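Reader: I would like to go through this structure term by term and hear what stands behind each label. Could you set each value against its definition as we go?

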Amino acid sequence: MTIGDVGDEVFLYTHHHVRDDAELLFGFRTRDERTCFEALLGGHGVGPALALAILSVHSPEGLRRTLADDDVAALCLVPGVGKKTAIRLLVELKERLTGVVLEPDVGPTGVPSVHADVREALAGLGYGPDEVREVLADLPDSGDTAALLKQALQRLALVRR
């Protein structure tokens, strides 16, 4: 993802991270990305590398939705995050990133989210986390679960050829 063309002026929200052995400067396109990054750093065992990995998989809005839905599987899509770490992050970050504890977004079928259903179905069919993450990034956030699953399977079939 680019933030501008070479030679263009850009505006970044920055975070100055000071450690015993280094001073690091991180830049973000939006204030919300920086806020999420800083909230992630407050999690036990979360350093800049893991915080960036999480934000590379989940947008700030998507991360909040993941936390609100208690979607452990979505956090497990982040490289280096296993089930135990995902559960711990859900508990630690839910209030920090949302300001209040949110109830899961429940659709008309009582299911937490369409992406969670599609993710679970694809994992059940044997697709790996990287494949699932890539295909979900291209799908809309809402709609009929069956239709979205069909789209995902069609895209995955093209990739595997």
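Author: A salt bridge is a side-chain nitrogen of Lys or Arg within 4 Å of a carboxyl oxygen of Asp or Glu, and the structure holds 7 salt bridges. The model is a predicted one, in which local features need pLDDT of at least 70 and side-chain atom pairs count only at pLDDT 80 or more, whereas totals for chains, interfaces and linings use all residues. Residues are numbered from 1 along each chain as its sequence is written, and side-chain values use heavy atoms, with hydrogens and water left out.

Reader: What makes the pair of Asp 32 and Arg 64 a salt bridge?

Author: The closest N and O atoms of Asp 32 and Arg 64 are 2.7 Å apart, which falls within the cut-off, so the pair qualifies. Helices (H or I, at least four residues) and strands (E, at least two) are DSSP runs, numbered from the N terminus.

Reader: Why is Asp 32 called partly exposed?

Author: Buried means under 20% relative accessible area, exposed over 50%, and partly exposed in between (1.4 Å probe, protein chains only). Asp 32 has a relative accessible area of 30% and therefore counts as partly exposed, and Arg 64, at 22%, is partly exposed as well.

Reader: How do you know on which side of that cut-off Arg 119 and Asp 71 fall?

Author: Arg 119 has 8% relative accessibility and so counts as buried, and Asp 71 is buried at 10%. Their side chains meet in a salt bridge at 2.6 Å, N to O. This pair links distant parts of the chain, with Arg 119 in helix α6 (residues 114-124) and Asp 71 in the loop between α3 and α4 (72-76), 48 residues apart.

Reader: Why is the pair of Glu 92 and Arg 88 still called a salt bridge?

Author: The N to O value for Glu 92 and Arg 88 is 3.8 Å, which is within the limit, so the name applies. Both residues lie in helix α5 (residues 83-98), 4 residues apart, about one turn of the helix. An α-helix has 3.6 residues a turn, so residues three or four places apart point the same way.

Reader: What makes Phe 26 and Phe 37 an aromatic pair, and why is it called tilted?

Author: Rings of Phe, Tyr and Trp (its six-membered ring) pair if their centres lie within 6.5 Å, and planes under 30 degrees apart count as stacked, over 60 as edge-to-face and the rest as tilted. The structure holds 3 aromatic pairs. One of them is Phe 26 with Phe 37, at 5.0 Å centre to centre and 45° between the planes, hence tilted. This pair joins strand β2 to helix α1 (residues 31-41), 11 residues apart. Phe 28 and Phe 37 form another tilted pair, at 4.9 Å and 45°, and Phe 26, Phe 28 and Phe 37 form one aromatic cluster. Phe 26 is buried because its relative accessible area is 14%, as is Phe 37 at 0%.

Reader: How do you know that β1 and β2 pair?

Author: Two strands pair if DSSP finds at least two bridges between them. Here 6 bridges join β1 to β2 (residues 23-28), and the strands run antiparallel. A hairpin connects β1 to β2 through 4 residues, and the bridge partner of His 15 in β2 is Phe 26.
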